[in-house]
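Please consult the structure while reading.

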Amino acid sequence: MLYGIAAAFAALLLAALLAGLLRVPGLRLGLVDRRRVRPVPVVGGTAVVLATVLVAGAGEWTGVAPLGEGVGTLLGAAAGVAALGLVADVWRLRGRVVLAGTAVAALCVVPYEETGVAGGVLAAGWIVGVAGAFRALDHADGLAGTVGVVTAFGVGVCASVEVLDGVAVLLSVLAAALTGFLMQNWHPARVAFGACGSLFAGFVLASAAVLVRTGYDAVSSAGVLFALTAVVSVDAVLVVLARRLAGRPVLRRGPDHVGHRLRRLGLTSRGATVVVGAGAFASVSVGVLVHGGWVGASAVWWVAGVALVVVLGLVCVKGAGARAVPAARASAQVRGDVRSPLRVRNG
């Protein structure tokens, strides 16, 4: 208990400190978000990764809080995904390369002895999807970090219910590191998340959720996993649907994510983040309650119904604020670099 508190506090301080220290070198090396006018270094994710790996690894190395074989493998695979994301931040990697690397890492962490080969492949595919959707969620200040903190706490509670102490410790450390990062990423952000941090966070959260639900039937597990990650799922489905309806390539970036549409409805940047965070808290809470057996599995259908209403409602917002916004200008507006009623960032 005491180690968990100390580890979380250390991760929070370390992430906040590293994010601040890496900001200037990131600017000098040109490691900035290329879609923005004002240069903001994409070193926040690196700070989260380093803080999480160092603090969780210290517990494993000292034997004070051993993660266990499966969790250690998860952390190692997540570090590999983070390294791939860092390369994507520095150079322009094709999306298929990032996808392939994340898929290989996901295939290494699935417990096939419990899921079987077919179930393991499906689980790995879900992990890749969540990691990619989490990266796409990083389209506004504080958004991905806030959802990450809420999700980490929720999955951590589920891990505690299953007495998976190693998973619970890792998730508490990740939640604390994300909180420290948010100190530098809250609007207006001084550092950005980048592919390194967003892929790492999404991969750890999805993989941990799979480990937590191992041993349960596939149908109920699918419902709980959806509830735990409903916000990123809504954003991904919304973007795909909107771009298909508009006849645009799905992988071409544009200001059509959840955060962009909430801004068009009149919310401030911080207000949009709070609304999305509240939605994440509600859906994650349902997932935790269903997993713990405190409410029936049918509660997940309420989450699915609300998610459907949100997608169908927000997809209609496109015409309300549709006007051509150059990518660099749009990304600057969401951070507050350009004074405009519409502050959006392409993603």
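**Helix geometry and packing**

Q: What span should the 16 residues of helix α10 (residues 230–245) have, and how far apart are its end C-alpha atoms?
A: Helices are DSSP runs of H or I with at least four residues, strands are runs of E with at least two, and both are numbered from the N terminus. The expected span of a helix is 1.5 Å times one less than its number of residues. For α10 this rule gives 22 Å, which agrees with the distance between its end C-alpha atoms, 22 Å.

Q: On what kind of model and numbering do these values rest?
A: The model is predicted, local features need pLDDT of at least 70, side-chain atom pairs count only at pLDDT 80 or more, and totals for chains, interfaces and linings use all residues. Side-chain values use heavy atoms, without hydrogens and water, and residues are numbered from 1 along each chain as its sequence is written.

Q: Which helices do the buried residues of α10 pack against?
A: Buried means under 20% relative accessible area, exposed over 50% and partly exposed in between (1.4 Å probe, protein chains only). In α10 the buried residues include V231, V234, D235, L238 and R243. With contact taken as heavy atoms within 4.5 Å, the partners of the buried residues are α5, α6, α9, α11, α12 and α13.

Q: Which residue just after α10 takes a positive phi?
A: The phi in question is about 70°. The residue that takes this value is G247.

Q: How are α6 and α7 oriented relative to each other?
A: Axes are lines fitted to C-alpha atoms, for helices over the stretch in contact, and angles run from 0 to 180 degrees between N-to-C directions. The axes of α6 and α7 lie 8 Å apart at an angle of about 165°. Angles under 35 degrees count as roughly parallel, over 145 as roughly antiparallel, 65 to 115 as roughly perpendicular and the rest as oblique. The two helices α6 and α7 are therefore roughly antiparallel.

Q: How many residues of the contact of α3 with α4 are charged?
A: In this contact, T73, L74, A77, V81, L84 and A88 of α3 meet residues of α4 including V97, G101 and C108. Ala, Val, Leu, Ile, Met, Phe, Trp, Tyr, Cys and Pro count as nonpolar, Asp, Glu, Lys and Arg as charged, and the others, Gly among them, as polar. The contact holds ten nonpolar residues, three polar and, as charged, none.

Q: How many helices and strands are in the protein?
A: Buried residues make up 53% of its 347 residues. The protein has 14 helices and zero strands.
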